Each structure stands twice: as structure tokens, then as C-alpha cells.
Amino acid sequence: MKYCNSLANYSRFKTREVKVGSIGIGGSNPIRIQSMTTTDTMDTIATVEESIRMIDAGCELIRITAPSKKEALNLKNIKEELAKIGYNTPIIADIHYTPNAAEIAATIIEKVRVNPGNFADKKKFENIEYTEITYNAEIERIREKFTPLVRICKENRTAMRIGTNHGSLSDRILSRYGDTPKGMVESAMEFLRICRDEDYHEIILSMKASNTRVMVQAYRLLVAEMIKEEMDYPLHLGVTEAGEGEDGRIKSAVGIGTLLADGIGDTIRVSLTEAPEFEIPVAQNLLKHFEGIEKHDYIEKITKNPLHSFDYKRRKTNEVLNIGGGNVPIVMANFCLKEKITAASFFALGSNYSVPLDKWNLTDMAADYVFVGNHDLDFEVPGTLGVIYNYKKWIEHKKGYPFLKINDYLDEEEISKKLNIVYVCLADLCEELFDKLKSDTTAVLMIDTYNQNGISEQRKLFTELMNNGIKTPVIISRSYDDLSEEQLQLSASSDLGALLLDGLGDGIFIAAENCGSYQSINSLAFGILQASRTRISKTEYISCPSCGRTLFDLQETTAKIRKETDHLKGVKIGIMGCIVNGPGEMADADYGYVGTGKGKITLYKEQTVVEKNISEEKAVSALINLIKKHGDWVDRN
Ligand code: SF4
């Protein structure tokens with residue numbers, strides 16, 4: 001199934017242009033950046049002021065929630081106030097559950113976003129058996145509810161986003177498809193078909209999920225479906241409930257970056273649990289990473305495609321020590337260019353030395369290997385840490401394991417009996433190498449690239465290995481110079497995440513010079529593995545960015561919950577400002593903290609409500625008790 005123009009050579013998937021007021025989305029327009037206000041829509045002044053901050057930061061479209069008719073009507077005041085001071089940025093009304101609000105908004109502003117999971121359906125979490133007849137009757141019911149909005153949009157030249165959210169699929173879709181990427185696509189298609197029957201095409205589509213794997217697969221499936229049905233609607237990309245800070249940036253870049261590299265996407269929103277104007281530079285920097293990518297050096301086509309782009313399947317590899325096979329991907333740190341390496345240097349890599357105990361203590365984010373080049377280490381390193389030396393250095397003392405260039409590997413007689421890291425680029429692949437790798441149970445490839453489209457070049461390299469039956473584990477290496485810490489987060493997360501999401505890679509190596517501290521690079525490496533769901537080393541927070549529906553202070557509460565729980569490795573906590581995506585998003589969370597009224601919180605264990613409407617003051621402790629009750633609590637060390 002084809003989902004992009006080429007797996008090897010970048011070009012943007014061509015979509016039709018949809019006009020949202022004065023802004024064109026899709027076609028040959030640049031990829032647009034948008035975000036959403038967090039204020040109460042009835043507070044005109046606060047919403048206008050926040051919109052201005054967003055626009056001044058570079059936001060090209062402003063989304064505002066319209067939970068009911070009165071907020072939809074107030075969009076007019078907001079629009080007029082903005083226009084009075086010279087701001088004519090298109091406004092999008094965000095609609096859940098309220099067709100009547102959508103119909104009003106569509107006459108006032110430039111675009112409405114509808115969620116097909118809840119536009120015409122109330123969620124009861126029921127599993128219903130449908131026959132063809134009863135299913136079609138449901139579709140007819142949706143048609144009746146949705147068609148008036150489509151006609152209003154058509155008449156007023158208002159654009160529409162059909163925005164599917166993994167967390168709020170209808171009971172009908174869940175009953176038939178489960179909460180799968182296929183279900184997400186079908187959810188949008190039900191609405192899209194109605195639009196097409198009405199000859200209305202000012203449509204943009206999105207497939208958001210907080211799980212990057214699901215999100216990427218859903219967009220790819222959607223594009224494949226569009227190609228099949230000869231459709232070309234623009235795509236809005238986003239990872240929903242990505243969280244905040246470093247985690248939010250990494251997760252967004254893994255999901256959005258993977259698709260941008262595929263040439264998919266006409267507008268993006270980076271959803272962070274932060275003020276919306278802070279999302280804009282992140283989105284800009286993410287796009288910057290792909291600037292000029294179309295001019296990359298040509299990569300030969302992939303003629304036989306062994307990849308699993310729509311369902312996750314990890315490439316099968318041999319186990320070499322703790323690399324490959326069933327092991328989680330390893331993190332190899334780079335100390336090669338460090339002036340001096342001391343025991344204290346390893347603190348930055350998550351290994352702490354206790355002098356009184358004379359013992360190394362490894363955190364959950366302790367690097368597994370470190371490449372030290374030609375350095376000598378005259379102290380004991382943590383027992384489980386593998387030290388990699390340049391081949392010539394290794395020959396001198398035979399400590400640790402060697403790092404070999406391809407010629408060293410092919411020519412030299414003496415290599416490690418346990419582990420040899422062999423550095424290769426796509427151009428190095430040859431029959432001689434394949435033959436040697438096939439009989440070598442000690443080799444691990446470290447693959448690198450100098451191509452501006454490094455993702456595709458490394459993907460091509462993986463396909464060559466797979467098509468030639470090579471099961472040697474692979475560490476994906478990428479190099480960066482002189483980037484800000486945030487730019488490195490976005491660039492490395494896109495580059496490495498895109499391959500990890502496709503089940504490729506048994507380890508990662510980020511060689512970054514002048515891009516931040518060793519500690520931040522180590523944390524980034526573990527963050528990328530966590531965001532691509534290949535190795536879990538910390539608590540995961542699925543927190544919504546907040547909007548006008550939010551029923552408590554998201555940022556403050558998230559910080560409070562994080563302070564108490566950030567040592568609970570692998571526990572996923574959903575923090576939702578309201579119920580819209582709440583229960584559904586719990587499919588991906590172990591525990592949920594959801595606003596259900598002013599100052600009222602409902603707690604979930606997965607998708608089941610366990611405590612209803614508890615007061616906000618008591619809610620964090622109640623959440624901790626709930627985690628304890630289910631045996632997921634551990635005390636801090
Ligand atoms: S989950 Fe959060 S961002 Fe989504 S509608 Fe509710 S409050 Fe707004």
C-alpha cells in the first residue's frame with residue numbers, strides 16, 4: 001500500500017489548496033503553523049490578548065473552543081476585536097458534541113473543526129453488535145445531523161477540519177474496528193463521504209493520538225486510502241496530549257517529524273501543556289529541520305519493500321551481548337571528543353558513584369555503552385557499562401570493545417570475541433560485508449549518514465540488510481553540530497524516531513557537538529526511545545494542552561502530579577482538562593485525572609471511573625492512593 005510519493009526520495013505529498021480566510025493550506029503553500037487558545041471563550045479580552053501573543057509569535061491560524069451556542073456567538077466579538085487592532089488571522093471553532101454551535105460558528109469564522117467521534121454520538125462505552133442494516137442506519141443518522149453544517153460551510157465558504165482523535169472514537173467505530181488506526185481512518189471517512197456527496201471539498205483531515213505509533217500509522221493509512229480513492233485533502237498533523245517540556249517536544253517531533261519526512265502534512269500543531277505562544281517556536285524549529293530536504297542527494301529506489309509501515313513489527317536481529325534480539329534498544333553515549341574523562345563524567349550518563357559505599361548506582365536512564373575513542377580510562381567504570389574504543393586503541397589494551405571502520409573489519413584478523421561495533425554508511429554495503437556479517441555473531445553495525453535526507457538513506461540501508469537476510473543488530477547514529485538544546489531535541493527525535501517507529505534499530509547513538517550538556521543528550525536519547533515506545537525508562541504523562549474547556553489549572557496540576565510520581569517508571573498518567581477526550585484517552589493511560597466540573601476531578605483506572613467528582617484539593621493524594629492500591633507505587637530511593 002502506497003502512503004507517500006517515495007520511501008527513498010523526499011517530495012511533498014501533493015494536496016489540493018483549501019482556503020481558510022486569506023490563508024491557503026495545502027497545494028504549494030508552505031506548511032502552516034497553528035495553535036489553540038486556553039482562555040474561556042466568553043472572556044473576549046483574555047482570548048483576544050492570548051490570540052495576539054500567539055499571532056505575534058508566528059501562529060497563522062487560531063483555534064478557539066466553542067462548547068455551546070453562546071461561545072460560538074462570542075467568536076464574532078473576538079474576531080471583531082482582533083480586526084479592530086489589525087489582526088485578521090483566520091479563526092477556527094473547535095467543536096465537540098454541539099452541532100448547533102458549529103452551525104453558528106460556521107457563519108462567523110473561517111473554519112470549524114468537528115470531531116467525528118462525538119459530533120453526532122454520545123459516548124456510552126458500549127460494545128454494540130451491528131448488522132449491515134443497523135450500521136447503515138447509523139450512518140444515515142449521522143448524515144442527517146451533519147449535512148446542515150456541511151451546507152452552511154459550503155454556502156459561507158467556511159473550511160472544515162474533520163479531526164479524528166484516537167481518544168474519542170465513537171462506540172460504533174470502536175465496536176467495529178476497535179481503537180485502531182483503521183478505525184480512526186474510517187471515522188473520518190464516514191464524515192468525508194457525506195461532504196463529498198454534498199460536493200463540499202474545503203476539507204482538512206487529521207488523525208491525532210497521544211501514542212506516536214498509532215498516530216503515524218493512522219495518517220499513513222489515511223493517505224493510502226486517499227490515494228486509493230483519488231482524494232487529495234490537506235492534512236493537519238499533531239500528536240495530541242504530548243505533555244510539556246522536553247517530553248512534549250520529543251514526542252511531538254517523533255510523531256510529526258516522522259510524517260514530515262514522509263512528505264506528509266500541510267499544517268501542524270505542536271500540543272504542549274504550556275502557554276500556546278510557546279508552541280509556535282517549537283513548531284517553527286521542527287519545520288526548520290526539514291528545510292531544503294528536497295535537495296538531498298539521490299537515494300536509489302527501494303524496489304522490494306520489507307518494511308511494516310502500517311503495523312509495528314520490529315526487525316528481527318541476532319542477540320549480541322545485550323544488543324538486538326529481544327533486548328530493548330540500547331543507548332550509546334559519545335565521550336570521544338571529551339577533553340578528559342573522569343569517574344564524575346559518568347554522572348551525566350545516569351551512573352552515580354557513591355564514595356562511602358564505593359559503589360556505582362545506575363538510574364533507569366543510565367547509558368548502556370559509551371564510546372571513548374582514543375581515551376584511556378584509569379578507573380573502574382560501572383560494571384554493566386560497555387566501553388567502546390577506537391580499534392587501534394583497543395588493540396593496545398584489549399579492554400572493552402572495539403569500534404571498527406569497515407576496512408578494519410573486513411581486513412583485520414584480530415577482533416573482539418564478544419562484540420565489535422562496525423561503522424557503515426549506505427555506500428559501504430557490499431557482498432563481502434554481507435558474507436562476513438552472516439557468519440559473525442559478534443558484529444553490531446553502527447549506521448551513519450551524511451545525506452540531508454538521512455532518514456530515507458538509513459531506511460534504505462535497513463531495507464538492504466533485510467532483503468539480504470542480514471540479522472546483525474544495528475545502532476542508529478546521527479551527528480549534529482552547534483544546535484540549541486531544543487533544536488537538537490526536535491532534530492534528533494525526528495531523525496531517530498522515524499526509524500524506531502518502523503521497528504528499525506537496536507540502539508541509538510547521538511553524536512552532538514556544542515548542542516548542550518552530556519546529561520541533556522543522554523536524557524534526549526532515553527526520551528526518544530520512550531516517545532517511540534521502544535524502551536520505557538520513566539513515568540509517562542499524557543497531558544492535554546488545555547483550552548477554553550479546561551476545568552483546572554493544567555500546568556500547575558501537571559507539575560504537582562509530576563513532582564509526586566516522576567519516579568514511577570513505566571506508569572502512564574493521563575491528565576485531561578475535561579471529559580472530551582478523557583475516557584477514551586485512558587485507553588492509553590494506566591491512571592487518569594480528568595476535570596469533570598469546576599474544581600471537581602474524576603479518577604480513572606484505565607478506562608474505568610473509580611472515584612467521581614472529588615475536590616481538586618484532595619485529588620492528587622487520591623490519585624497517589626489509587627496508584628498504591630493497584631500496586632504500581634514504589635517509594636523513591
Ligand atoms: S481534553 Fe484538554 S484540550 Fe482537549 S478539549 Fe478538554 S480541556 Fe480542551
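## Helix 9 against helix 14

Helix 9 (residues 276-289) packs on helix 14 (residues 485-500) at an angle of about 55 degrees, and their axes are 9 Å apart. Axes are lines fitted to C-alpha atoms, for helices over the stretch in contact, and angles run from 0 to 180 degrees between N-to-C directions. Helices (H or I, at least four residues) and strands (E, at least two) are DSSP runs, numbered from the N terminus. The two elements, helix 9 and helix 14, are therefore oblique to each other; angles under 35 degrees count as roughly parallel, over 145 as roughly antiparallel, 65 to 115 as roughly perpendicular, and the rest as oblique. The model is predicted: local features need pLDDT of at least 70, side-chain atom pairs count only at pLDDT 80 or more, and totals for chains, interfaces and linings use all residues. Residues are numbered from 1 along each chain as its sequence is written, and side-chain values use heavy atoms, with hydrogens and water left out.

The crossing of helix 9 and helix 14 is right-handed. A crossing is right-handed if the near helix is turned clockwise from the far one by less than a right angle, and left-handed if anticlockwise. On the helix 9 side, P281, V282, N285, L286, K288 and H289 take part, meeting E486, Q487, L490, S491, S494 and D495 of helix 14. The residues of this contact of helix 9 with helix 14 comprise 4 nonpolar, 5 polar and 3 charged. In this classification, Ala, Val, Leu, Ile, Met, Phe, Trp, Tyr, Cys and Pro count as nonpolar, Asp, Glu, Lys and Arg as charged, and the others, Gly among them, as polar. Contact means heavy atoms within 4.5 Å.

## Helix 1 and its two partners

Helix 9 also packs with helix 1 (residues 44-57), at an angle of about 15 degrees and with the axes 8 Å apart. Helix 1 and helix 9 are therefore roughly parallel to each other, and their crossing is right-handed. Helix 1 contributes E50, R53, M54 and A57 to the contact, while helix 9 contributes P276, E277, I280 and Q284. By class, the contact of helix 1 with helix 9 divides into 4 nonpolar, 1 polar and 3 charged residues.

Helix 1 has a further contact with helix 2: the axes of helix 1 and helix 2 come within 9 Å and cross at roughly 50 degrees. Helix 1 and helix 2 are therefore oblique to each other, and helix 1 passes helix 2 in a right-handed crossing. From helix 1 the contact draws on T44, T47, V48, S51 and I52, and from helix 2 on N74, N77, I78, E81 and L82. The contact of helix 1 with helix 2 has 4 nonpolar, 5 polar and 1 charged residues.

## K76 in helix 2

Helix 2 (residues 69-84) contains K76. With a relative accessibility of 44%, K76 counts as partly exposed; buried means under 20% relative accessible area, exposed over 50%, and partly exposed in between (1.4 Å probe, protein chains only). K76 and A622 are separated by 546 residues in sequence and by 42 Å in space, C-alpha to C-alpha.

## K19 in strand 1

K19 belongs to strand 1 (residues 18-20) and is partly exposed at 42% relative accessibility. K19 and E202 are 183 residues apart in sequence and 7.2 Å apart in space, C-alpha to C-alpha. Apart from neighbours within four places in sequence, K19 is in contact with G24, A159 and E202.

The loop between helix 15 (518-531) and strand 21 (540-543) holds T534. T534 is buried, with a relative accessible area of 14%. Its contacts, leaving aside neighbours within four places in sequence, are R213, Y312, V328, P329, L500 and L529. R533 lies in the loop between helix 15 and strand 21 as well, and phi of R533 is near 65 degrees, a positive value in a residue other than glycine.

## N613 in strand 25

A positive phi of about 45 degrees is also found at N613, although N613 is not a glycine. N613 lies in strand 25 (residues 608-615) and is partly exposed, with a relative accessible area of 41%.

## The ligand shell

The ligand is surrounded by 9 residues, the closest being C544, C547, R549, T550 and C578; a residue is near a molecule or strand if one of its heavy atoms lies within 4 Å of it. The shell around the ligand has 4 nonpolar, 4 polar and 1 charged residues.
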